[in-house]
Amino acid sequence: AIEGVWKQSGVTIPLTLVPEVLSEAAAGRTQDPTPPFPYQSLEVGFPGGDPGYQLAGTLTLPAGAGPFPAVLLVNGSGQQNRDSEIFGHRPFLVIADALTRSGFAVLRYDDQGIGGSGGDPTEATTFDFARDAASALSFLARQDTIDSSRIGIIGHSEGGLIASILAADAEKNHLSWAVLLATSGVPGTELLAAQNRAIGKAYNLSSQQLDYAELLNRNLYAIAVSDAPYHVRRDAIVTELVKGGAARKNAEQSAETLLIPWMVTFLRTDPADYLNRVSIPVLALNGTMDLQVPWEQNLAAIGAALEKGGSRFVTESLPGLNHLFQPAVTGLPDEYGEIEITFDPTTLAGIVTWAAEQSMLPQ
């Protein structure tokens with residue numbers, strides 16, 4: 001084992017690395033659907049949101065002639081494949097299977113630069129990924145097997161923010177309803193401050209440590225989102241981190257990470273700017289053990305913004321579920337892989353039922 005500590009942004013966390021022999025069970029999880037399937041799976045491709053690359057995905061179609069109501073699944077942050085695979089879990093595979101068995105066509109796709117999809121996400125932001133999702137919706141609406149008047153979107157984490165952006169212009173994007181899973185309702189600066197505090201608290205950091213880390217981080221975020229030239233912001237962030245005790249080399253690496261286009265855009269974006277223009281039905285769900293998108297802060301903000309837009313919406317906190325909607329003990333990200341459940345079955349059934357109601361699909 002390698003034992004030590006991880007220090008970042010004023011926070012010190014114990015770190016132990018140990019070798020692990022993966023068992024055969026690690027290749028699949030209990031909820032993974034297994035063949036034979038009572039539906040058709042098609043490998044599909046469609047243009048990315050910007051010229052020059054194609055996106056690849058899987059379209060599942062229920063038995064019968066159609067046209068079918070449809071659902072687009074949108075991944076959260078980071079490069080993820082069409083199954084939203086993480087720690088051996090494939091939540092989008094599980095969700096797509098449940099929806100297709102209930103009569104929905106479902107499209108899920110690989111993010112830019114992963115799996116079968118082209119594109120270079122290095123300089124991409126949330127709005128670039130939103131254009132990818134809009135292209136996916138356009139692809140769905142063009143299919144003879146799809147009822148373009150009954151298309152919904154389900155987004156997880158950043159995918160929920162993307163769903164909010166597209167739902168703000170629902171008619172243009174062929175949307176009739178949206179499900180927001182573990183989605184932020186506050187600006188990125190506020191979300192990350194709350195996220196860092198929640199995770200630090202779960203690691204039993206003292207109030208003094210949490211307060212110091214939050215003050216430092218808020219100073220860094222303010223610099224990152226300012227209109228100053230890149231080199232000015234970079235130097236200012238390095239100075240702040242070095243004053244806080246970081247080694248200069250580490251401070252320089254942290255500054256570059258904080259100033260990548262995706263991060264700066266995320267910090268500057270307020271989901272309310274889009275949610276308050278949504279008029280289609282919305283279901284927003286957050287787990288009470290979610291430390292990445294704390295439920296009280298974000299569900300309240302989502303509800304307030306949707307009320308302004310006149311949407312018919314439901315917001316619900318789900319006791320004991322983490323950011324991935326697994327039954328959790330601590331809610332910490334390092335627990336995700338230890339939990340056998342991929343996606344809480346009761347929550348999944350509720351999503352399917354709500355979506356069927358919006359699409360007038362018999363259950």
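**Ground rules.** I am working from a predicted model, in which local features need pLDDT of at least 70 and side-chain atom pairs count only at pLDDT 80 or more, while totals for chains, interfaces and linings use all residues. Residues are numbered from 1 along each chain as its sequence is written, and side-chain values use heavy atoms, with hydrogens and water left out.

**H156.** I looked up H156 and found it in strand β7, residues 146-156 (strands are DSSP runs of E, at least two residues, and helices are runs of H or I, at least four, numbered from the N terminus). H156 counts as buried because its relative accessibility is 11% (buried is under 20% relative accessible area, exposed over 50%, partly exposed in between, with a 1.4 Å probe and protein chains only). A polar atom of the H156 side chain lies 2.8 Å from the backbone oxygen of H323. Leaving aside residues up to four places away in sequence, H156 touches, among others, F92, L181 and F325 (contact means heavy atoms within 4.5 Å).

I then followed β3 (residues 39-47) and β4 (residues 54-62), which pair in the antiparallel sense over 9 bridges (pairing needs at least two DSSP bridges). G45 stands opposite A56 in β4, and G52, in the hairpin with 6 residues between the strands, takes a positive phi near 110 degrees.

**Helix α6.** I listed the buried residues of α6 as R233, R234, I237, V238, E240 and L241. They cover an arc of only 160 degrees around the axis, so they sit on the same side of α6 (the arc is that of the directions from the helix axis to the C-beta atoms). H231 and K243 are exposed on the other side of α6. The cover over the buried residues includes α5, α7 and α8.

Technical notes. Polar contact = N/O pair within 3.5 Å; in protein donor to acceptor, adjacent residues only side chain to side chain.
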